[in-house]
Amino acid sequence: MTRPRKTPETLRSARWFAPDDLRSFGHRSRMMQLGYSDADYRDRPIIGILNTWSELNACHSHFPERVKDVKRGILQAGGFPVEMPSLSVDESFTKPTSMLYRNMLAMEVEENILSHPLDGVVLMGGCDKTTPGLVMGAITAGVPMIYLPAGPMLRGNYAGRVLGSGSDAWKYWDERRAGNITDAEWSGVEGGIARSAGTCMTMGTASTMTAITDAMGLTLPGASSIPAADSGHQRMGADCGRRIVDMVWEDLTPEVIITQGAVRNAAIVAMATGCSTNAVVHLIAMARRAGVALTLDDLDALGRITPLIANVRPSGKDYLMEDFYYAGGLRALMKQIEGSLDTSCLTVTGKTMGDNLEGAVVYNDDVIRPLSNPVYKEGSLAVLRGNLCPDGAVIKPAACDPKYYQHQGPALVFDSYPDMKAAIEDEDLAVTPDTVLVLRNAGPQGGPGMPEWGMLPIPKALIKQGHRDMLRISDARMSGTSYGACVLHVAPESFVGGPLALLQTGDIVRLDLEGRRLDMLVPDAELAARRAAWTPPERRFERGWGWMYSQHVGQADTGCDFDYLQRDFGAAAGEPDIF
Ligand code: FES
């Protein structure tokens, strides 16, 4: 679709600076107060750089430098850059969980764009929730946007051993609990596992979400794979700055880019990379903001036919994001699966995805596998249904021991994380390898915010016997760097009365992965009696953001967006009045 080019008079920002009256006087005089002359910004696209930097966001610690590259590009292309801080939502320090604040970031971005004289935006994010938060808000705001991924950090290293974000923390923690490593070794792992700026360098949620954004056509081609510490990342920053200015003149808005085909491309790429289970929640939320219907069943269907070809941990066995970049990065991976993609989709380059993939080459086919030699033929994600999860639940078959694909065992149920944590350290806890460990009240409202508790710790009694996996079920999410036989995102969640709330310790639970079923083998009459006796837990919040969150957040199967932020909730407010 060809859209008329913008002219200086039709720029969105022009409304703030013309006609020559008291309103525009106020805006112009304040620009002068900021040190800018008319010539700095007049008739130029004003580009907001929404920067999610904070001194407590280790993944974005290079953003104060990187934003200079972006500004350089914007100025070179004839635009006027304005940096605007956005909620940082870092993954490590934000409690109880960063997910509680994804929608806050999305709201902030939408309102910040619409209430200011911005013609286009560069979104600087990368740490898990910043990608969907920034993109969701910018989709709704509707101005041209380009996403600048923070880039993965370098490989971790300790004592000559390569360390992967998250995954090796869990692994070495279990060894520490088993008494197999010393304090000095533990401290060495702590110091070596995150040794540069950038996001987690496994195919965790950060790398999954930036890859999804890349595959959707919202980044410069392959931008998501460039390590934060690589000088190519600086050059990509300047390229983003140059390109967004042209996108404004071309009026290349997100609604043109985020089509059904683009969302499907993103979902296929997610499956081929062995994505984080968090991709399900965020991709559904992003797609719905763009008016594209995407369901759990769509994702399950794609999971069944898409081979996992990125040999990147935790789903892959051997490599990390730095290796993935050297092997050709996301463009090379997408070239391998080009036949499954809609290559006609338009991207931020103004060209199609097919154009962007021209010349992409795989340099190491053990990292990015050919279709004839995938890491797994299928199985990045599977969606389960049954009397425990009528609205769905998610499991990552590729990251768990296949012996759990068909499993039946007695439930051991906990209502709170602290209760579970205390119990699992008891070496006399009555558990066997068949036990199904269950945590409830960890969903969007119960958590609150659906924290990443879903990789429930293996009871010490089993650890001591040498076991490192067991079937676990919760309405929580899990970190993209986690692994194991973990059923997640049970919907509806137990806190609002989903059937998980009716499960009791000792009930037999059955997982049938091939049949995509998860059931408790409890007679219907007994479940009805338990339903009649069930009382809702006490509300978590009496005021503030938490209260608002609880009133409006949706369930996992629909992306956990707020009802009133969704596209079909009501008409958009439109451009602000300027009096
Ligand atoms: Fe920021 Fe993992 S903590 S990406």
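Which residues does Thr 213 touch, not counting residues up to four places away in sequence? Before you click, note that this is a predicted model, where local features need pLDDT of at least 70, side-chain atom pairs count only at pLDDT 80 or more, and totals for chains, interfaces and linings use all residues. Residues are numbered from 1 along each chain as its sequence is written, and side-chain values use heavy atoms, with hydrogens and water left out.

**Stop one: Thr 213.** Select helix H9 (residues 205–215) and pick out Thr 213; helices here are DSSP runs of H or I, at least four residues, numbered from the N terminus. Now show what Thr 213 touches: Thr 131, Val 135, Tyr 147, Leu 218, Thr 219 and Met 286. Touching, or contact, means heavy atoms within 4.5 Å. Thr 213 has a relative accessible area of 0%, so it is buried (under 20%, with a 1.4 Å probe and protein chains only).

**Stop two: a helix crossing.** Next, select H12 (residues 260–273) and H16 (residues 329–336), whose axes come within 11 Å and cross at roughly 100°. The axes are lines fitted to C-alpha atoms over the stretch in contact, with angles from 0 to 180 degrees between N-to-C directions. H12 and H16 are therefore roughly perpendicular to each other (65 to 115 degrees). Zoom in on Val 269, Ala 272 and Thr 273 of H12, which meet Leu 330, Leu 333 and Met 334 of H16. By class, this contact has 5 nonpolar, 1 polar and no charged residues; Ala, Val, Leu, Ile, Met, Phe, Trp, Tyr, Cys and Pro count as nonpolar, Asp, Glu, Lys and Arg as charged, and the others, Gly among them, as polar.

Note on methods. Helices (H or I, at least four residues) and strands (E, at least two) are DSSP runs, numbered from the N terminus. Angles under 35 degrees count as roughly parallel, over 145 as roughly antiparallel, 65 to 115 as roughly perpendicular and the rest as oblique. Buried means under 20% relative accessible area, exposed over 50%, partly exposed in between (1.4 Å probe, protein chains only).
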